[in-house]
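Please look over the sequence and the model below before reading on. The paragraphs that follow go from the whole chain to its details.

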Amino acid sequence: MFSFFSSGGQGKNEPSSFSSSAPAEFEPIEPPVSSPGPAGHQPPPLDFSKLQESHEKEGISGIANNLFTQVVLSNPYFAAGGGLMLLGTGLALARQGVVRASGLIYRQLLVDLEIPSKDKSYMWFLEWMSQYKNRSSRHLSVETNFIQHDNGAVSTKFSLVPGPGNHLIKYKGAFMLIKRERSGKLLDMTSGTPFETVTLTTLYRDRFLFNELLTEAKTMALKSQEGKTVIYTSWGPEWRPFGQPKKKRTIGSVILDKGIKEEILLDVKDFLKSGKWYFDRGIPYRRGYLLYGPPGSGKTSFIQALAGELDYNICILNLSEANLTDDRLNHLMNHIPERSLLLLEDIDAAFNKRSQTDESGFKSGVTFSGLLNALDGVASSEETITFMTTNHPERLDPAILRPGRIDYRVLIDNASSHQIEEMFLRFYEGETEKAKEFVAKAAELNVPISTAQLQGLFVYNKNDPDSALSMVETLKTPNHVF
Ligand SMILES: Nc1ncnc2c1ncn2[C@@H]1O[C@H](COP(=O)(O)OP(=O)(O)OP(=O)(O)O)[C@@H](O)[C@H]1O
Ligand SMILES: [Mg+2]
């Protein structure tokens with residue numbers, strides 16, 4: 001058994017119990033009295049004569065000096081401990097210095113750009129990155145897209161977008177570190193996906209490249225939508241693209257009665273040019289259009305074709321939707337994506353909800369005053385074009401018809417003989433004689449015929465005008481099933 005303490009009063013040169021190789025003898029272990037240094041080292045005693053000398057030479061400061069030299073410098077414990085302390089402090093200071101310097105360099109030399117997943121450019125950036133060649137990334141995630149071809153067929157495309165983690169790219173000669181992070185806790189309640197951010201870091205001098213990169217990503221994203229109309233529908237409190245962008249419907253494919261299309265188009269185009277005029281006069285820059293008429297007369301189709309013609313997207317909101325409330329309507333109408341027409345379908349729905357709860361137990365949707373407030377409240381610096389449709393104009397309250405809410409009203413009626421002829425010729429090119437015959441036969445029926453009905457008949461007899469002629473009787477029943 002070894003004693004960890006040397007016995008008291010041992011001389012300097014006596015072996016310590018550690019180093020002793022002699023057989024251990026049992027000796028009473030005495031507790032250390034004072035300064036129990038290992039191996040029995042004692043600090044050197046103070047030399048009072050030297051103190052005296054320095055006092056005589058330099059006075060009190062001499063004593064202090066001498067005392068310090070004797071106690072601290074010539075004391076092995078102090079010397080070793082002090083050395084370690086100095087070393088430790090030095091290292092700590094050096095570490096702090098390195099941290100500060102790197103922070104400073106980071107702040108001075110590097111710039112960050114954070115793109116949160118809520119931002120529109122987020123998807124643009126990921127898509128851009130998935131097609132970018134000069135990158136090194138080992139974490140990929142897949143995104144499946146459906147592509148609609150011109151003939152309407154749909155095929156799937158996988159893009160390997162950068163997954164969460166770090167990625168390095170070289171863009172126009174500059175290195176950029178890209179960090180995609182996923183928040184483990186926060187969920188985007190509308191889509192159920194976790195919130196994410198992408199942080200781009202590059203040298204301060206290359207910061208202008210961020211702008212170039214984002215512009216490139218945006219151009220690429222918009223190119224894929226060229227010739228297409230994006231249809232947005234409401235998704236909780238926000239607008240989300242509904243399916244893939246649709247191929248634009250040509251305005252020529254919608255056949256309205258003489259002059260209607262041209263007039264509306266002229267009015268909208270004139271409105272779009274008059275931004276300054278509105279701002280100069282302090283008038284809210286918005287215009288409301290109401291298209292009313294029987295079902296299947298082409299109201300919705302015309303608005304979609306108009307959006308295509310103007311190169312706008314469409315935000316569709318159906319006011320008869322059960323869970324649409326005044327608040328949501330107001331919020332949605334004030335957050336319309338740029339370059340979009342707002343299409344409010346079935347606005348009469350806001351007028352027949354007298355009771356607060358319908359038979360199925362749903363809380364009533366939009367109220368009349370809610371709709372008026374939302375229409376009045378739209379305060380956007382961009383233009384707001386609202387199209388409204390209804391099959392029951394008689395149910396509308398006069399309050400909504402006042403200018404500022406609805407500035408332009410037009411009846412889109414059942415097919416006139418002019419429309420019937422044009423529809424016939426659109427399906428059977430050059431068959432002018434048969435078209436006239438068809439118009440006469442349809443007139444004899446003496447019933448209102450919707451353009452949707454005509455479309456149904458002509459689609460059924462795709463390449464056979466004679467068969468269409470012989471089936472004209474079917475137009476008597478509005479919902480005839482072929
Ligand atoms: N004037 C028209 N010209 C060309 N196609 C039309 C026309 N009217 C209707 N159609 C066709 O009929 C179908 C229904 O038309 P649409 O949805 O535009 O009618 P609507 O007036 O909006 O009806 P509803 O009042 O019931 O909403 C579409 O497939 C469309 O192609
Ligand atoms: Mg419609």
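In the protein chain, 67% of the contacts with a separation of 6 or more are between residues 24 or more positions apart. Two residues are in contact if their C-beta atoms, placed from the backbone, lie within 7 Å. This is a predicted model, in which local features need pLDDT of at least 70 and side-chain atom pairs count only at pLDDT 80 or more, while totals for chains, interfaces and linings use all residues. Residues are numbered from 1 along each chain as its sequence is written, and chains are lettered from A and ligands numbered from 1 in the order in which they are written.

The protein chain has 14 helices and 16 strands. These are DSSP runs numbered from the N terminus: helices are H or I with at least four residues, strands E with at least two. Of its 482 residues, 23% count as buried. A residue is buried if 20 or more other C-beta atoms lie within 10 Å of its own, exposed if 12 or fewer, and partly exposed in between, with C-beta atoms placed from the backbone.

Some of the buried residues form nonpolar cores. A nonpolar core is a set of buried Ala, Val, Leu, Ile, Met, Phe, Trp, Tyr and Cys residues joined through C-beta atoms within 7 Å. The largest has 59 residues, and I314, C315, L342, L343 and F387 have the most contacts inside it. Helix α8 gives the most to this core, with five residues. Domain 2 (246–411) and domain 3 (417–476) both contribute residues, so this core lies between them; the domain bounds come from an automatic or database domain assignment. A second, separate core of 13 residues includes M176, I178, L200 and L213.

C315 shows what such packing involves. Not counting residues up to four places away in sequence, C315 touches Y232, W239, I336, P337, S340, L342 and L343.

Now consider the strands. Two strands pair if DSSP finds at least two bridges between them. Strand β9 (residues 231–235) pairs with strand β13 (residues 313–318) in the parallel sense over three bridges, and I231 stands opposite I314 in β13. With strand β10 (residues 238–241), β9 pairs in the antiparallel sense over four bridges; here T233 has R240 as its bridge partner. β9 and β10 form a hairpin with two residues between them, and G236 in the turn has a positive phi of about 60°.

Most residues other than glycine have a negative phi. R339, however, has a positive phi near 50°. R339 lies in the loop between α9 (326–333) and β14 (340–345), and is partly exposed, because 13 other C-beta atoms lie within 10 Å. D346 also has a positive phi, near 55°, and sits in the loop between β14 and α10 (368–377).

Which residues come nearest to ligand 1? Of the 14 residues around ligand 1, they are P295, G298, T300, S301 and T451. A residue is near a molecule if its C-beta atom, placed from the backbone, lies within 6 Å of it. The shell has five nonpolar, eight polar and one charged residues. In this count Ala, Val, Leu, Ile, Met, Phe, Trp, Tyr, Cys and Pro are nonpolar, Asp, Glu, Lys and Arg charged, and the others, Gly among them, polar. Helices α8 (299–310) and α13 (451–460) each supply at least two shell residues. Domain 2 (246–411) and domain 3 (417–476) both give residues to the shell, so ligand 1 lies between them.
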